[in-house]
Amino acid sequence: MPARGQVAPSERKRRDLRADRGVTLARVRHLPLLLIVALSACNAQEPEREAATPDVPLATFADDGAPFLKRHCTGCHGTQDPESGLSLSTYADPGGEAAIVRDFRTFDEVAEFVRDGTMPPETEARPNAAEKARFLEWLSATLACADRLAPPDPGRVTMRRLNRTEYRNTVRDLLGVDYAGVADFPADDVGYGFDNIGDVLTMPPLLIERYLTAAEEIAEIALRYEDPDNPPTHFFSGAQMQTTARGGVIGSGRACATNGEVWTTVRVPRAGQYILRVVAWAQQAGPDLARLQLRAEGRVVGVHEINATQGELDTVEARVALTAGAVRIGAAFVNDYYAPKSPDPKQRDRNLIIESVTLIGPIDARTGPPPETRRRLLAAGEGIEDANARRIAILRALCDRAFRRPATDAEVDRLAELWKAEEGAEGSSFERGMLVSLQAVLMSPHFLFRVEAHPHPEDPAWVRDLDEFALASRLSYFLWSSMPDERLFMLARSGRLHAELRAEAERMLGDPRSCALIRDFGSQWLETRRLATVQPDPERFPTWSADLAQSMQRETELFLAAVVREERSALEIVSASWTFVDGRLAAHYGISGVTGDDFVRTTYPDGRRGGVLGHASVLTVSSYPTRTSPVKRGKWLLTQIVGAPTPPPPPGVGELQENGKDGANLTMREQLARHRKDPTCAVCHVRMDPLGFALENFDAVGRWRDRDGETGEIIDPSGSLPDGRALSGPEDLREALLADDAFIDNLTHQLLTYALGRGPLPSDADVVSTIVEHARPRGHRLSDLVLGVATSVPFRRHRGERTEVVSTSVDAETHAVESAEDPAEGSQE
């Protein structure tokens with residue numbers, strides 16, 4: 001159990017907030033009378049739910065809460081030396097329910113640990129299923145109302161680094177350099193489905209190395225600076241390179257016991273002349289010397305015989321013209337010799353050992369005018385004669401944008417001193433000093449991290465507006481995945497951004513750069529980003545190709561962009577009868593009249609496809625490489641569309657068995673029917689299976705089919721939902737998914753999580769409800785949901801980190817009052 005008030009782990013499973021906030025007056029009528037008076041406001045708008053409450057005894061504190069705490073919690077979390085410093089004894093005493101309502105944030109964590117089975121630990125007496133369910137029923141009802149009574153909690157976002165996409169876009173907008181080298185960065189960690197969550201974005205040592213390399217390469221490209229006497233050198237020992245030959249490592253070298261290549265990939269800053277140098281030796285045998293080929297970009301650029309043997313080294317090199325970008329370089333052994341029966345043991349086996357490969361350059365003089373990026377960087381210093389004043393002017397203009405806030409004098413002075421010191425070094429220059437300073441800026445934590453400063457970082461009761469520059473960054477990274485533009489900086493400097501937030505969000509949503517929201521949010525929410533790595537079975541799906549996967553991805557991006565741009569309802573994400581296809585995808589769907597590589601808008605000829613549920617991108621990533629899976633698709637729908645994810649299967653639950661005890665083959669429907677006979681499995685499968693079966697007419701790459709390609713059996717897409725509604729295919733499924741607000745609520749939750757870069761909080765449920773209700777009059781336009789998130793309380797405000805349970809003291813209440821009286825507060829709070 002975490003320490004009292006500690007924020008739960010970032011990767012904990014999200015609570016079903018929709019169920020929590022649906023608590024009724026009937027479920028709180030057993031609370032103490034004084035609490036009922038206060039809590040009744042929570043449910044004033046939901047009296048109709050009373051009739052839906054099951055006719056069973058309601059869980060109460062006296063019967064289900066306090067006994068559970070005493071039996072399963074206070075033994076370890078008592079008054080004497082409690083585990084993790086958390087004592088629960090007083091909460092189990094008479095009157096403890098009021099204390100739980102007061103300290104409900106602690107019990108959010110208690111509920112989570114009990115729900116996922118972490119607590120009580122396996123070494124202690126554990127509750128049975130019924131006892132656990134009753135406890136959680138009572139606790140969820142209590143916490144939901146307590147949460148509504150509390151002041152709005154905007155939460156606090158962990159300081160986080162730029163992810164790979166944000167880094168590349170920020171460098172592009174800061175310096176005008178489109179740096180593709182981010183592909184060499186380690187993959188970003190993912191939390192809550194997104195790669196911009198502060199709690200999980202780590203800084204491994206390898207990433208720091210990549211940042212150093214990137215800073216050097218980006219600065220050289222931006223300034224177009226090259227030192228002809230000291231060209232860049234990329235050195236690789238043979239042992240760290242890849243090989244297509246058999247053989248091992250000898251010291252720092254890579255041995256080739258058969259013909260093959262030792263190679264690596266290096267990023268070349270520009271097209272030009274380079275020197276490829278290889279150091280090698282050989283174990284000689286046969287009539288010829290070992291022969292080595294120098295290779296670059298798939299071309300043989302030199303052939304050399306290696307005379308050196310063990311204890312000696314030969315160095316060979318070639319001048320080679322390379323193009324900009326990632327290029328493959330290496331050396332190949334091409335005349336293997338093996339005579340195991342030779343009477344001379346030294347003449348039996350010829351092998352080549354590559355000690356190292358080095359790429360030097362570019363070594364040719366650069367031609368043409370200086371790049372625009374260099375002119376912009378130096379523009380702030382134009383007309384300033386004093387060298388130091390010129391340095392400071394250039395650096396201040398750069399740092400204000402790179403740090404996404406006004407740089408302090410101390411920050412600029414340190415960089416100016418670095419520039420001056422480098423410029424004063426023997427053989428150095430003004431340009432060299434600028435280069436080193438720019439590299440330092442690109443390695444600064446203020447560039448690499450997004451920091452939202454708070455004057456009281458350890459006080460969770462102190463809620464305040466984000467400062468103007470932090471808000472500008474939140475907005476730009478939400479909508480553009482990049483740094484603020486000049487207008488955002490201008491509004492932040494003048495203190496007007498909070499007041500003009502919605503207008504700016506509308507402007508930015510109409511900017512072409514907002515395609516980043518569609519690409520980065522949409523591909524992660526719908527999981528279509530995985531199209532880059534999925535590999536359907538080529539024998540079963542011979543039409544699959546990387547080009548087809550790109551067309552699938554592009555269709556979904558264009559579709560979502562149109563829903564935003566044309567101010568269409570977000571419901572069309574599920575229900576739309578139109579889409580975008582190129583010739584390749586049209587043939588895949590069986591749509592006639594579309595050819596070529598250009599995408600055109602088209603209407604589906606029938607009701608089989610609709611919204612993203614008819615997109616091959618979604619249907620492919622929710623399948624296995626060899627077949628469809630109703631379970632996988634059903635789980636995807638519950639998690640990504642409905643927002644009601646299923647828990648992991650309990651320990652000991654076996655995999656689906658394809659055959660019965662009599663050895664007879666079973667269809668997938670028969671296998672799942674047998675699986676549902678286990679009550680432990682049925683609780684999730686009765687929800688997942690009918691949803692997945694409704695999409696069974698689509699094969700594992702999204703093509704329509706009437707019969708199973710393997711068995712020839714007619715596809716049966718029918719099923720029944722737990723509430724008795726019948727499904728007969730994708731049309732019924734789309735109708736069922738839009739029967740209530742579950743989809744809109746979940747989409748808004750997902751947008752809020754992505755926009756904030758943190759996991760959901762219980763208080764977010766009310767924020768989502770407000771956004772959804774405000775968007776209802778115009779039909780829940782997707783653009784209105786995005787704008788609602790961008791102007792919401794959690795987006796505009798933050799608090800200190802919670803280090804102890806929030807007190808109900810006058811001091812804490814004073815902070816809350818000051819927060820509420822802030823004139824910048826919006827209507828949604």
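Is R797 buried or exposed? I looked this up before anything else. The model is predicted, and R797 counts as buried because its relative accessibility is 0%; the cut-off for buried is under 20%.

**Entry: around R797.** I checked which element holds this residue. R797 sits in strand β20, which covers residues 797–799. Next I looked for a partner of its side chain. The side chain of R797 makes a polar contact with the side chain of D465, at 2.8 Å.

**Entry: strand β11.** I moved on to residues 325–333, which form strand β11. Seven of the nine residues in β11 are buried, so I noted the strand as mostly covered, with buried meaning under 20% relative accessible area. Then I looked up its pairings. Strand β6, residues 260–268, pairs with β11 in the antiparallel sense over nine bridges. In that search I found V327 of β11 as the bridge partner of V266. Strand β8, residues 290–296, also runs antiparallel to β11, and five bridges join the two. Here I noted I329 of β11 as the bridge partner of A296.

**Entry: confidence.** I then turned to the pLDDT. The chain averages 84, and 86% of the residues score at least 70. Over residues 1–54 the pLDDT is below 50, yet this stretch has 121 contacts in the model beyond near neighbours in sequence. Residues 658–663 also have a pLDDT below 50, with eleven contacts beyond near neighbours in sequence.

How values were computed: Residues numbered from 1 in each chain as written. Predicted model: local features only at pLDDT ≥ 70, side-chain atom pairs only at ≥ 80, totals over all residues. Heavy atoms only, no water. pLDDT = per-residue confidence, 0-100. Contact = heavy atoms within 4.5 Å. Buried < 20%, exposed > 50% of the residue type's maximum accessible area, 1.4 Å probe, protein only. Helix = DSSP H or I, 4+ residues; strand = E, 2+ residues; numbered from the N terminus. Pairing = 2+ DSSP bridges. Polar contact = N/O pair within 3.5 Å; in protein donor to acceptor, adjacent residues only side chain to side chain.
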